[in-house]
Structure formats: C-alpha cells, structure tokens
Amino acid sequence: MAATENGSPLPDGEEEASKFGFQRPEMYSTNLANTVDAYDRHVFLCYKCPEDWLPRVEDSEADPLPKVLSTAVKARKNNINVKTKLTICGGCNGTNCSDGDVLIFPDMIKYKGLTEAKVDQFIDDVLVNGKQWDSVQPEVLTGSHVFVCAHGSRDKRCGVCGPALIEKFKEEIELRGIQNEIFVSPCSHIGGHKYAGNLIIYSPDSKGKLSGHWYGYVTPDDVPEVIDQHISKGQVIERLWRGQMGVSPAECEKTNEKPSKVKEKKAKKHLSEAPVKDDKVIAPTFGCCQGSKGTSCCNDGNSNGISEPKGTKGLCNLSCWIGKWEQQELLTAAAVVGSVAAIAVAYSFYKKSH
C-alpha cells in the first residue's frame, strides 16, 4: 500500500493515482518513438461507453456488433489491400454519433447505422473494393479528431489516465470556443498500456494533409500544448511522439528517430539516388532539394544563380559539399598523375642528352 511521507496510508483516490495515474513510477521510463505498428487506415466503430466495455470488447459474446465486425475483418484480411486497424470508440450521445456509426481515417468519412446483418456487405464494399457502402453517401467529417484510450477494464492505467485527459481536453476546447473544430472521444485498447495516457490525433498537418499521430505519457498539463502546437499548427510534439499512420517503425530504421529525422533521412536518400551530370546533382522530381522546374537547390548562387528553397539549405549544402569534395579529390588525383608523367618525360629527355 502506498503511503505519505509520514508513513500514513494514502486515501483511496490518491493511492490509485500513485499506482496507475500520471505520478506512477514508470512514467517517462521508456523511449516512445516507433512504438506503433504499421497501418494505413483506421476504422472506429462507435459502440456504448468505456464503462460498458469488457476487457476484450471485440471478442465479447455480450457485444455482438464489435465481435462480428472484428471477426469479419480478420477473416477478410487477405482481401483488404489497405492495412487496416479496428478500434471501438464511445461516448456517443446521439448528436454527433450513435452506436453502429463507423468513422474511417484518413478518408475522414462516417457511415451511419452498421448492424451485424450488414457487416459483410460493408466490408466488401468499403474495405475490400473501396466503394460506397450499399450506395449510401457517407458523411464527410470535419475538424480534428482526438481518440483517448480509456479502456479501464483492459488496463487500470488507461482507466485512470484516459477520463482525466478527456475532461481536460473538453475544458481547454470550451475555453477556446472551438467545440466545432476539435472532437474528443474515448476509445478501446490501442496498444501500449504502459505509455498511458495514450491518444491518437487525426488532423491536418502543417501542409494541410491529414495525418494520424500517436502520443504517449500525455498528462493533463500537456493538453494545452497538444491543442495549440499539434492541432492548431500541425507541429509534432516529439518528446511524447509514438509514431504515425502510414509510417512503420522499419521506415524509422528502429533508431528512435523522431518525425523530423525520418523526413531528413528520406530527403538524403532521394539525393543519393539522384543522377549526376557535369559534376552537379540533378534533383529528383520530389524531395527536399527540388528547386524551380526540377532544378536542384545545389545549383547555388556560385554557379547558375539558383537559390535554395526555404528549409533545405543545411541538407543541400551538405550534399553539395560532399559532391564538391569528391570532385576535388578526382581533380587532385588527375593533377598528381599529370605531374608524374611530366617528370618522367623530362627525365627521358635528360637521359638521351647525356
């Protein structure tokens, strides 16, 4: 039993928080980066509330809809070309969503009224063939969507941390008057109980493209930063970052690299594979160093007067410096060979004259 500094037992609520909440000893004990399995699509089934979920809600005989959907998705796994993750979400009050509604990311759509009898057709139409379900026009989702793991029956840590985070999100959202821009829902187990509080955010990144980022060890004190930095500005909070939709741990080379490092490595890879002409790197049609009309930012002001695109200077300078260094090495070697040849010719003339 946990105790205070003077040895007296903690009240029940405080003891629970010390064991399972944000003050538990394991907080911040593990590097979070690359702790998300690869996936490219996330399907959420709206169904009841966390208090109603059994530990394995997707396999519970008492919850037929989640079980039927989960079983069918697993059975059709080889037919579903997009790697799909299924999670249960709750907290529906009949206004924004109802039991049986299905949310799909990154598609940002919602289908209403899924039942056990319609599961097979739903999977065939939407997940396998990429069509509209039964010719029903889905509802387009707007704003940013935050899913907080609050599956207390599965793990006590999520049951303690999840509701506290949801309450703080709602408080900060109301304070900012953005209730129609950010939507927060509890969700079932997403993996990594020990990282609680866990959450997933589906929102536009800094370039306007929808992204799905996972965070761990999130506390109520972090919520304002999550809203103001990640959701509002599209900037990843790297100290809490676990991974993201569409990027596997293998792509991060399992080196605990953060998102910015992953992008940098990809840019360097593109440069290393670019062809070379007249001792200059020809930029590929994508990547960090693409300049105007496909020219490389490595063609700097000292050559053709082409400036580097914003944000690529350091990487491009490094690549060009390496290229110029290699070129200089070749020139130096050629000069040495030429000098040796000249000496040999001169010595030959000297021998003939004597």
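A crossing of two helices is left-handed if the near helix is turned anticlockwise from the far one by less than a right angle, and right-handed if clockwise. By that rule, helices α4 and α5 cross in the right-handed sense. Keep in mind that this is a predicted model. The chain has seven helices and twelve strands, and 42% of its 354 residues count as buried. Among contacts with a separation of 6 or more, 62% are between residues 24 or more positions apart.

**Strands β6 and β7**

- Strand β7 covers residues 182-187, and five of its six residues are buried, so the rest of the structure largely encloses this strand.
- β7 runs parallel to strand β6 (residues 144-149), and six bridges join the two.
- To get from β6 to β7, the chain passes through helix α4 (residues 156-176), making a right-handed β-α-β crossover.

**Helices α4 and α5**

- Helix α4 also packs against helix α5 (residues 223-233), with the axes 9 Å apart and an angle of about 55° between the two helices.
- Angles under 35 degrees count as roughly parallel and 65 to 115 as roughly perpendicular; α4 and α5 are therefore oblique to each other.
- On the α4 side, the residues that meet α5 are Leu165, Lys168, Phe169, Glu172, Ile173 and Arg176.
- On the α5 side, the residues they meet are Val223, Pro224, Val226, Ile227 and Asp228.

**Cis peptide bonds**

- Phenylalanine 105 and proline 106 are joined by a cis peptide bond, with omega at about 10°.
- Proline 106 sits in the loop between β3 (102-105) and β4 (109-111).
- Alanine 196 and glycine 197 are also joined by a cis peptide bond, and here omega is about 0°.
- You'll find glycine 197 in the loop that runs between β7 and β8 (199-204).

- Tyrosine 28 has a positive phi, near 65°, despite being a residue other than glycine.
- Its place is the loop between α1 (12-20) and β1 (41-46).
- Lysine 48, again a residue other than glycine, has a positive phi near 50°.
- The loop between β1 and α2 (64-75) is where lysine 48 is found.
- Buried means under 20% relative accessible area and exposed means over 50%, so lysine 48, at 32% relative accessibility, counts as partly exposed.

How values were computed: Residues numbered from 1 in each chain as written. Predicted model: local features only at pLDDT ≥ 70, side-chain atom pairs only at ≥ 80, totals over all residues. Heavy atoms only, no water. Buried < 20%, exposed > 50% of the residue type's maximum accessible area, 1.4 Å probe, protein only. Helix = DSSP H or I, 4+ residues; strand = E, 2+ residues; numbered from the N terminus. Pairing = 2+ DSSP bridges. Right-handed = clockwise from strand over helix to strand, strands pointing away. Axes fitted to C-alpha atoms, helices over the stretch in contact; angles between N-to-C directions. Parallel < 35°, antiparallel > 145°, perpendicular 65-115°, else oblique. Contact = heavy atoms within 4.5 Å.
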